[in-house]
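We will go from stop to stop, with something to select at each one.

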Amino acid sequence: MKKIVVAITGSIAAYKSAHLVRLFKKSGCDVRIVMTQSAKEFITPMTMQALSGNAVVDNILDPAHEMGMGHIELSRWADAIVIAPCSANMLAKLANGIADDLVSAMCLASPKKMHIAPSMNRFMWDNPMAQANVQKLLASNLYLMIDPGSGEQACGEVGQGRMAEPEAIHDRVLADLMPKHLPLLGKKIVITGGPTREAIDPVRYISNHSSGKMACSLADAFAEQGADVTLVLGPCEAKPKLPMNIVSVESAQNMLDAVLVNIDNATVFLGAAAVADYRVANIADEKMKKTDDQDGLTLSFVKNPDVLATVAALPKKPFVVGFAAETQNVIEYAIKKLNAKKLDLICANDVSQGKVFGQDENSIVIIDTNNEKIELPRSTKQDQAKKIVNLVINKLGLEK
Ligand code: C5P
């Protein structure tokens, strides 16, 4: 029987914790509840006691509890600790090692990885302080984040910040407790992501709107399956969540060089970068000056190397996956690219009307060499990445 501590903090999503506890109980878990004082403003300890079948622990200074299930005992007892909902305040406390209530003290005393299901208003979630706390918690390697979803919030706002659904939290916590078979353990995967920057002169460049989010989601999804991932990333804000080898590059030529240095013995190469097709023919050594007698300016371009096609043409080529971002005739152009570049799979996406670049969601059609199409309906880039990785695992015959 799995022993789960559900820690509830002060957020309106606390009402969903009741359902979460029921799901754990239905799965045969022994559940103990820890609540902060503010959590009790949202849901009563009586409710949680009735659902869990155990007394609720809510006070770090309660001598009776400290004699039995105090903060140290709880962290020792648990197979898994899940903080759901985790408020912005608790996120900040955990990120800074504060231990002034039972939940934060129990977490500080836990040597095991803990799950956090944040829940807060979307502006709070987007606030750089909250995001810095999330990054700090992930970097500590002590916490696993069950990202909040997007949609309508109890406060009336629409955006990211609402707690993940209890079913998703339940499944994730129990899945993480299972002994793992990682199909890509020991396999090397190289991914390109983000835009490239092609210099015009020392201060100017040409680039595109790629955010690198899809590549980072793919890199994480491969790493989750045990792969040894190298991410060759153009200049962008996005970063993967899991530890991996990140090679930062600027131009298409830099990207190709970095890929070729890392490609030996790779099982999979995935080109998700938006590589500039052309670069400026003669990059000026000095900043180009505006002149009074010239109203226009003409730049000459030369073709960049195609990173994806170069890898697909290697004598010991890995399994090669490309992306086709198109604004029209999406499938037709994608199939042409699959054949012309000799790819094993292509992920086609419609980037018209700002549907993809910089967004958190995407919809993709994956096409293989038999022209078979798999449609992935619109969902988060993380979700799409997992599906693409599962398909690659399947194509390589590496599934469980
Ligand atoms: O030909 P197009 O640029 O549309 O092809 C897109 C696919 O090719 C993407 O997977 C992209 O990462 C890759 N590509 C590349 N090097 C280039 C151009 C595109 O790797 N110079």
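Start by selecting N265, which is exposed because its relative accessible area is 62%; here buried means under 20% relative accessible area, exposed over 50%, and partly exposed in between, with a 1.4 Å probe and protein chains only. N265 sits in the loop between helix 11 (252–262) and strand 13. Check its backbone too: phi is positive, about 65 degrees, although N265 is not a glycine.

A word on what you are looking at: this is a predicted model, in which local features need pLDDT of at least 70 and side-chain atom pairs count only at pLDDT 80 or more, while totals for chains, interfaces and linings use all residues. Residues are numbered from 1 along each chain as its sequence is written, and side-chain values use heavy atoms, with hydrogens and water left out.

Now zoom out to the whole chain. Its secondary structure comes to 14 helices and 19 strands (DSSP runs numbered from the N terminus: helices are H or I with at least four residues, strands E with at least two). The C-alpha trace spans about 80 × 55 × 35 Å along its principal axes, and 48% of the 400 residues are buried.

Next, select N141, in the loop between helix 8 (128–139) and strand 5 (143–145). N141 also has a positive phi of about 65 degrees without being a glycine, and at 45% relative accessibility it counts as partly exposed. For another backbone feature, go to P85 in strand 3 (residues 80–86): the peptide bond leading from A84 to P85 is cis, with omega near 0 degrees.

Time for salt bridges, meaning a side-chain nitrogen of Lys or Arg within 4 Å of a carboxyl oxygen of Asp or Glu. The whole structure has 16 of them. Select D101 and K93, whose closest N and O atoms are 2.6 Å apart.

Move on to helix 9 (residues 166–177), where D176 and R172 lie four residues apart, about one turn of the helix. Their side chains meet in a salt bridge of 3.0 Å, N to O. D176 is partly exposed at 28%, and so is R172 at 29%.

Then pick R162 and E165, a pair with closest N and O atoms 3.3 Å apart.

For the last stop, which residues lie nearest the centre of the second largest pocket? Select A273, A274, V275, D277 and F323, from a lining of 42 residues. A pocket is an open set of points on a 1 Å grid over the protein atoms alone, where a 1.4 Å probe fits, with protein on both sides within 12 Å along at least five of seven lines; lining residues have an atom within 4 Å of a point. This one holds about 970 Å³ of space, the volume being the space filled by probe spheres set on the points, which are joined across faces, edges and corners.
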